[in-house]
Amino acid sequence: MSARALSLSTTASDLISLTKPRLSLLVLITAAGGLYLAPGPLGPVRALVTLLATAGTVGAANAFNCYLERHSDQFMARTRNRPLPAGRMDPSTALWFGLSLAAVSLPALVLGANLLTGVLGLIALLSYVLAYTPLKARTSAAMLVGAIPGALPPLMGWTAVTDAVDAGGFALFAIMFLWQMPHFIAIALFRKEEYAAAGLKSVPLERGDESSRAQVVLYLVALVPMTLLPFQLHIAGTWYLAAAVVLGLAFLALGAWGFFKHLGKPWARQTFIFSLVYLTGLFAALTLDRVPRG
C-alpha cells in the first residue's frame, strides 16, 4: 500500500472513530426497535432513510463531543488514543466533519420520515452537544441531561412511523432513559480515578460510592415496572413480559447485592457488562414477541 493510500485509510478510520461506532450501533439498534414496534405501515425506503439519518445525527453529535472534549480525553485510558487527543487530526477537521454530518442528516430525517422526527433529532443533537457535554465538567446531574438524547432514538423510530408522541413511544423513551442511569453510574464507579483526572464530575466523585450503589438500586426499582408497559400497551406479548420480569429481577438483584455487600470496582464492572446484556435481551424479546401491527 502506498504512503498516500495508507494516509487516506488512516484519515478515514479516524473520521469514523469520531462517530463512536460502538455507541452509534447501540443507538441504531434501539432506533430500529422503535421503527419495528410502532403500529402502522412501514416502507423500506422510509426505514432505511430514518436509520441512516439517525446514524448521521448521532455521528455528528459524537464528533462535536470529541471536538469539545479533546483536552480532557487525554486523561482517560479509553479516550486518550482518539484522533484529537492523540494529535493525529486537526481539531477543525473534526468540527467540519460534525457540521457536515448534521447538515445532511437532519434534513434527511425531515424529508425521509417527518418533521416531528427531525425535530426530535435536532433536540437530541443540541442537548448532547450544548447541554450534556459542557455540564459533565460542572455537575453529576449532567448524567440526567445526557440520558435524554440517549433515550430519544427509539422514540424517533416510533415517530417515523406514527408521526406522534404517544404512550407507546413514551414507554420506549422512558425505558431507555432509566436504563442509562445504572449503566452510567457503573462506568463512573470503576473509572472513578480517570473521571477525576479528566476533571469530569460523576455521582461517585460528588456523592460517594455508597450513594452511587444506592442510586443504582433506586433507578432499577423504577426501571423494572417501566419495562412492563409494552405488554400493558399491547406492543409485545406474554413472552416479552416473562423476559422483562426475569431480566429485570436479575438486574435488580445484582444491584442490591452490590449495595448490601458494599462491593467495589469488580461489581461495578459486572453491573456495566450486565446492563448491556440486559438491554440486548429486552429489545430482542420486544422484537421477537411484538404484537402484529394494526
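A residue counts as buried under 20% relative accessible area, as exposed over 50%, and as partly exposed in between. Phe259 has a relative accessible area of 24%, so Phe259 is partly exposed. Phe260 has a value of 62% and is therefore exposed. These values were computed from a predicted model.

Phe259 and Phe260 also form an aromatic pair. Their ring centres lie 5.1 Å apart. The angle between the two planes is 70°. Planes over 60 degrees apart count as edge-to-face, so the pair falls into that class. In total, the structure contains seven aromatic pairs. Ring pairs also join Phe170, Phe173 and Phe177 into a cluster.

The domain arrangement was examined next. The protein is divided into two parts: domain 1 spans residues 12-141, and domain 2 spans residues 166-293. The C-alpha centres of domain 1 and domain 2 are separated by 22 Å. Domain 1 contributes 21 residues to the contact, and domain 2 likewise contributes 21 residues.

The size of an interface is often expressed as the accessible area lost when the parts come together. For domain 1 and domain 2, the area buried between them is about 1,900 Å². Carbon and sulfur atoms account for 66% of this area. On the side of domain 1, Tyr36, Leu37 and Ser140 supply 32% of the area buried against domain 2. No other three residues of domain 1 supply more.

Polar and charged interactions across the interface were also counted. Zero salt bridges were found between domain 1 and domain 2. Three residue pairs are in polar contact across the interface, with both residues of each pair at pLDDT 80 or more. The side of domain 1 that touches domain 2 was then sorted by residue class. Its residues comprise 11 nonpolar, seven polar and three charged.

Key:
Residues numbered from 1 in each chain as written. Predicted model: local features only at pLDDT ≥ 70, side-chain atom pairs only at ≥ 80, totals over all residues. Heavy atoms only, no water. Domains from an automatic or database assignment. Contact = heavy atoms within 4.5 Å. Buried area = accessible area lost by both parts, 1.4 Å probe. Salt bridge = Lys/Arg side-chain N within 4 Å of Asp/Glu carboxyl O. Polar contact = N/O pair within 3.5 Å; in protein donor to acceptor, adjacent residues only side chain to side chain. Nonpolar A, V, L, I, M, F, W, Y, C, P; charged D, E, K, R; others polar. Phe/Tyr/Trp six-rings, centres within 6.5 Å; stacked < 30°, edge-to-face > 60°. Buried < 20%, exposed > 50% of the residue type's maximum accessible area, 1.4 Å probe, protein only.
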